Amino acid sequence: MTVIINVIVCYIRTSSFHDLQHSPCVTLYNRAGRVGCGTVDREVQSGPIYYYDGNNGVPTGGQNFVAVIEEYQMTAEVINTLVSANSNGNLKGIMVLNGTDTDTDRSNGEYASPGPIYPLGYGTPSEGISYGDNDFAWNANGDGLIHSDLYGVPMVYINEYETSYYIRNAAQDENKASVIYSEFNYYMGPDGINSKDCLKWVDTENQEWNPKCLPLGGVSVWGYAGSPPKPANDDNNSNSANTVKSAVIVGTSIDSTSMFHDLVPGSNEGASNVLATIMAAYLLGKSVDDATLDQLPNRIVFGLFEGEAYGYLGSRRFVNDVLNFQCNDQYTVRSMAKDENSDMACLYPMRPSLKFKDIGNIAAMLTVDQVGVPSGDGNLFVHNSGQTDMGSFLANVMMSSGTSYYKVAASAAENGNDGYPYPPTPLSSLLSVTGGGVDGAVLTGYDYVFTKRPPYQSHVQGTQMKLKAIASAATILARTALAAAYDNGSYDSDTASSYATNAIPELSYDDDLLVDLADCLFVNGNCKLLSKYASMEAANDRDKTGFEIGSGTALGQPPNYYVSIYHMNNGQPFVKVGSKVYGSYDGDDYGKSSGDSIGMQPKMLQQALRNMLHTFLGQGSSMVDGDGNKVSPKSCSSAAKCKDISYCSTDADSATCSADKLCVCQRGFYHIALDEAVDPTPNKSTGFFDISSDDAGVSALWTEPFWASSVGVNMYRYTDSNAGWFVLASGAIFSGFCFFLVVLLKVGMKKEKLY
Ligand SMILES: *[C@@H]1O[C@H](CO)[C@@H](O)[C@H](O)[C@H]1NC(C)=O
Ligand SMILES: *[C@@H]1O[C@H](CO)[C@@H](O)[C@H](O)[C@H]1NC(C)=O
């Protein structure tokens with residue numbers, strides 16, 4: 001009896017999948033148009049499933065269909081074949097099946113990279129902000145699928161292996177395929193518009209401004225080692241050695257992308273970059289004290305930049321702001337209006353903190369990229385054009401700073417008469433903004449071409465990153481940064497690198513923090529370690545803003561490194577004026593109410609990274625007070641408990657609370673990561689943007705359309721008047737899957753849909 005009941009339950013369950021678990025394709029607008037997928041309009045689109053293996057032709061004669069393909073078939077060639085057969089709009093969608101589980105022989109190498117051949121360069125929407133020679137084929141394995149416009153064709157990835165298995169079997173069986181329908185509800189906005197149109201969208205009925213999209217963006221994290229720079233606006237300090245110091249920036253991107261919105265593992269890109277850079281800060285803080293750093297001619301600054309995959313959003317904002325930002329006096333305020341110790345901020349254009357103004361000149365930038373899976377055995381690579389003394393100095397220091405596992409070799413990348421090109425990293429922002437005036441060097445795992453395994457910007461990236469290589473990169477970065485801070489303009493790389501190598505020991509690849517953090521960044525982004533750091537930073541922020549800031553969106557499991565939209569819940573700063581909250585403000589009432597303040601809610605990763613910078617670099621002069629006496633650190637529960645800390649008492653220093661619950665000196669900060677073409681509209685709530693008056697028209701200006709709450713994918717058995725009979729008959733055919741499915745499918749139920 002129970003067997004019969006089970007079988008009946010099973011018939012019902014297998015006859016439809018409501019809200020099939022899936023990851024939708026990324027759909028975006030940019031300055032010139034759109035990329036990505038989506039349905040033609042708000043109507044759902046459906047058709048019978050059809051298994052396309054790349055060779056078997058597509059249904060002809062105007063017959064509707066939904067293509068089911070294997071994930072290794074997700075190439076520009078296959079998708080273009082499908083789409084070009086779609087002249088009548090009969091291709092209703094594409095389902096990409098999870099096949100990674102059994103694909104061991106393919107071991108990632110056979111997957112195409114959907115990224116462009118010239119990432120952020122020639123032929124891409126970011127071409128205008130690339131620097132110099134932008135047509136070097138760094139991603140030779142890439143087919144650029146990420147930039148194709150599949151308007152009218154929704155595409156989703158079926159995450160679950162078991163569900164994919166079921167759909168594959170059904171799609172391969174002609175009898176079943178013709179009656180199993182897949183239905184997409186994925187309207188992502190109309191064709192023929194661009195980012196400016198959707199940001200400025202006005203509803204026709206009431207003529208109200210009602211944006212249909214938001215810019216991509218979020219929060220970058222930066223910080224410095226050593227005592228803080230003297231405030232740029234402090235006249236008494238014009239002769240101070242600390243003010244005239246220039247910054248050597250250690251920078252990296254902390255994001256990646258893929259074809260699918262919530263499936264951006266970015267292990268060899270964002271994740272490895274973050275790990276190498278934050279471990280370099282850890283190693284530096286552990287090895288060199290503030291007193292030593294304060295005596296060096298240059299200051300070390302760390303920059304972890306968000307939104308780099310979409311046109312260097314974080315690094316261009318940061319570099320441009322450090323070098324060029326001026327806040328009009330009337331908009332220069334305290335971030336907490338009534339607290340004279342809070343950071344200076346700018347109400348319009350909105351900058352929640354002006355700390356970056358203290359950095360002063362930038363002397364150079366070292367960047368790191370894709371060191372998780374080095375292409376060479378025992379080698380990392382340095383890229384430098386050889387055009388400046390500083391650049392050559394940095395490259396030479398890197399080459400003499402190798403570890404027992406990885407040496408650094410000069411990259412062989414050369415582009416004929418154009419010389420030695422730079423791969424796309426935040427250094428390109430600095431070179432582009434300064435017209436090549438400030439140089440640097442890039443440390444990578446690849447030589448003249450990105451690795452094929454894992455494919456760049458792919459949703460398929462394993463978690464097996466080489467910690468020996470990442471630890472080596474951290475060591476090399478820390479040493480090179482220290483050597484550059486030590487250099488006094490003589491560019492004596494031998495002396496400087498031996499100084500740095502003596503000061504900084506090699507980071508062990510089984511260092512506990514490295515191993516734990518690797519697990520968070522590659523495997524489980526909801527880990528305790530990140531939330532410990534992030535929740536303390538949220539508590540510090542509550543003290544410093546008065547807003548109820550909590551821990552932001554976690555990376556998730558598996559971690560997702562997609563930048564996402566610039567939004568109040570994802571880094572867009574907001575200012576409270578009386579009882580109103582705006583994205584920026586140009587009126588006169590700020591400060592009239594005691595609660596007026598500026599706040600922001602970053603993602604959890606950024607909160608954690610900021611607190612790590614305080615924790616790793618904020619030990620003061622080794623806990624020595626103003627009179628040179630050793631003091632033990634004070635314990636705390638949040639920043640408010642860290643007033644008047646003797647070891648953070650130099651001018652401009654302030655204390656905050658570390659994840660270890662000790663008062664440390666504040667060393668980490670946030671910076672907005674937002675396309676330079678847009679600014680939040682004054683006196684409007686967040687989510688409204690103006691095109692900036694000094695938009696040079698060169699940035700990509702990526703925006704993401706709003707999603708309807710009803711988006712999703714359903715599958716159902718097509719039934720006609722013989723429905724009952726049909727379900728029973730076909731139920732028998734499906735019974736082989738039955739018990740398997742009841743147990744494994746995490747999909748809901750839906751009543752038979754009758755057409
Ligand atoms: C595909 O399914 C396997 C097995 O369930 C899973 O481990 C893997 O993460 C899935 N792949 C993707 C890209 O989600
Ligand atoms: C700069 O450093 C070099 C050693 O690297 C030293 O010989 C030289 O005297 C220094 N110059 C100044 C102006 O301090």
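Visitor: Which residues surround ligand 2?
Guide: Good place to start! Keep in mind that this is a predicted model. In it, Asn488, Ser490, Asp492 and Thr495 surround ligand 2.

Visitor: And how much of the ligand 2 accessible area does the protein cover?
Guide: On its own, ligand 2 has 360 Å² of accessible area, and the protein covers 33% of that.

Visitor: What about asparagine 488, how far is an N or O atom of its side chain from an oxygen atom of ligand 2?
Guide: That distance is 2.5 Å.

Visitor: What classes of residue make up the shell around ligand 2?
Guide: Three polar residues and one charged residue, with no nonpolar ones.

Visitor: New topic! How many helices and strands are there in the chain?
Guide: You'll find 17 helices and 30 strands.

Visitor: What share of the residues is buried?
Guide: The chain has 755 residues, and 60% of them are buried.

Visitor: What is the mean pLDDT of the chain?
Guide: The mean is 89, and 89% of the residues reach 70 or more.

Visitor: Where does pLDDT stay under 50?
Guide: Residues 1-15 are one such stretch, with 16 contacts beyond four places in sequence. Residues 721-755 are also below 50, and that stretch has 61 contacts beyond near neighbours in sequence.

Visitor: How should I read the coordinates where pLDDT is low?
Guide: Not in detail, when they are predicted coordinates with low pLDDT.

Key:
Residues numbered from 1 in each chain as written. Chains lettered and ligands numbered in written order. Predicted model: local features only at pLDDT ≥ 70, side-chain atom pairs only at ≥ 80, totals over all residues. Heavy atoms only, no water. Near = heavy atom within 4 Å. Polar contact = N/O pair within 3.5 Å; in protein donor to acceptor, adjacent residues only side chain to side chain. Areas by Shrake-Rupley, 256 points an atom, 1.4 Å probe, with all protein chains shown as cover. Nonpolar A, V, L, I, M, F, W, Y, C, P; charged D, E, K, R; others polar. pLDDT = per-residue confidence, 0-100. Contact = heavy atoms within 4.5 Å. Helix = DSSP H or I, 4+ residues; strand = E, 2+ residues; numbered from the N terminus. Buried < 20%, exposed > 50% of the residue type's maximum accessible area, 1.4 Å probe, protein only.
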